[in-house]
Structure formats: C-alpha cells, structure tokens
Amino acid sequence: MFPGTLYETHVQTKNLETAIEFYKKLGLDLAHYIEERRAAFFWFDKNKKREQMLGVWEVSEENFHKSHFAFKISYEDIILAREWLLEKSISPRPAFGLEPSEPMVHTWTPSANLYFYDPDGNSLEFLCLLPKKKNVERDVMYLSEWENIRSDG
C-alpha cells in the first residue's frame with residue numbers, strides 16, 4: 001500500500017495574486033481560492049482533475065521559506081521546455097554547474113531536467129524520466145551529450 005503517489009505539495013508566497021498569475025501561466029488550473037486564509041489550490045493536470053494538487057500559501061516575509069518541486073513531463077516536452085518558458089517570460093536557471101542552454105541529465109536516475117524559479121524564488125523543475133541508463137562517470141551533463149553516448153547492453 002505505501003508509499004502511493006504524491007497527491008499534493010505546498011509552497012509559500014509573499015504575494016498570492018502574483019503567485020496565482022504565475023502558476024496559471026504555467027498552465028495549472030486554479031481549483032480553489034480562500035481569501036481569508038490567503039491560500040490558492042491548483043490542479044496539476046486539467047484532464048486528470050483531483051489527482052495532483054499544488055497549494056500556495058501567502059506568508060509574511062519573516063515566515064517565508066523557499067521550496068522545490070518538479071513537474072514530470074514527456075520527452076517531447078522537455079525538448080521544448082526552454083523555449084516554452086522563454087515565450088512566457090520565465091527564465092530557465094543554471095543548475096549543478098550547467099547553464100540552462102538546454103536540459104541537463106542527472107545520470108543516476110536517469111532524468112532530463114530544466115530548472116526555473118517562481119516569483120518568490122521557489123525552485124521549480126521540469127523532469128523527464130529517460131528510458132535507459134548509460135555507462136557514464138559524470139553525475140550531470142547536457143541532454144545532447146547524453147544522447148550521443150551509446151546505451152549499455
């Protein structure tokens with residue numbers, strides 16, 4: 001039975017209206033807004049409602065803590081993710097010593113990844129699980145480098 005799948009995660013914001021605008025720009029569906037609690041809830045996938053949720057809670061500057069979470073996306077989407085973010089005026093960010101000129105790969109997973117921030121500095125990530133582990137000694141590399149390595153077996 002355990003561990004199941006992740007149903008919801010939460011992040012904090014210093015400005016709820018700015019956060020709502022940002023997450024809508026990412027394509028999340030605003031599910032519920034509670035003004036008196038300064039909270040908003042989003043469905044991750046409009047086609048699979050009630051399966052994964054993001055809660056965004058406004059807090060004061062002194063109580064604010066940054067978080068991180070990842071959106072699992074397809075291979076086709078990770079290839080287009082950088083340009084998609086830039087079209088929405090969202091800048092991909094460097095991670096693990098690599099510039100965001102293209103997705104990077106965490107070789108142990110393996111997964112292709114592209115990182116960016118929300119308006120409060122929460123670290124967000126697009127993540128695509130890759131189909132086959134390859135014999136490499138580096139922990140991270142660009143996706144183009146990964147694709148040029150012969151697969152094991």
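Does Thr107 count as buried or exposed, and at what relative accessibility? Thr107 counts as buried because its relative accessibility is 5%, where buried means under 20% relative accessible area with a 1.4 Å probe and protein chains only. The model is predicted, so local features need pLDDT of at least 70 and side-chain atom pairs count only at pLDDT 80 or more, while totals for chains, interfaces and linings use all residues. Residues are numbered from 1 along each chain as its sequence is written, and side-chain values use heavy atoms, without hydrogens and water.

Thr107 sits in the loop between β7 (104–106) and β8. Strands are DSSP runs of E, at least two residues, and helices are runs of H or I, at least four, numbered from the N terminus. The Thr107 side chain reaches the backbone oxygen of Arg138 at 2.6 Å. Beyond neighbours within four places in sequence, Thr107 is in contact (heavy atoms within 4.5 Å) with residues including Lys133, Asp139 and Trp146.

Now turn to helix α2, residues 75–87. Its 13 residues should span 18 Å at 1.5 Å a residue, counting one less than the number of residues. The end C-alpha atoms are 19 Å apart, which agrees. Yet α2 bends by about 50° at Ala81; the bend is the angle between axes fitted to the seven residues ending there and the seven starting there.

Which residues of α2 are buried? They are Ile78, Ala81 and Leu85. An α-helix has 3.6 residues a turn, so residues three or four places apart point the same way. Among the elements covering the buried residues of α2 are β8 (111–117) and β9 (123–129). After α2 comes Ser89, with a positive phi near 60°.

Terms used:
Buried means under 20% relative accessible area, exposed over 50%, partly exposed in between (1.4 Å probe, protein chains only). A polar contact is a pair of N or O atoms within 3.5 Å; within protein, one must be able to donate a hydrogen and the other to accept it, and residues adjacent in sequence count only if both atoms are side-chain atoms.
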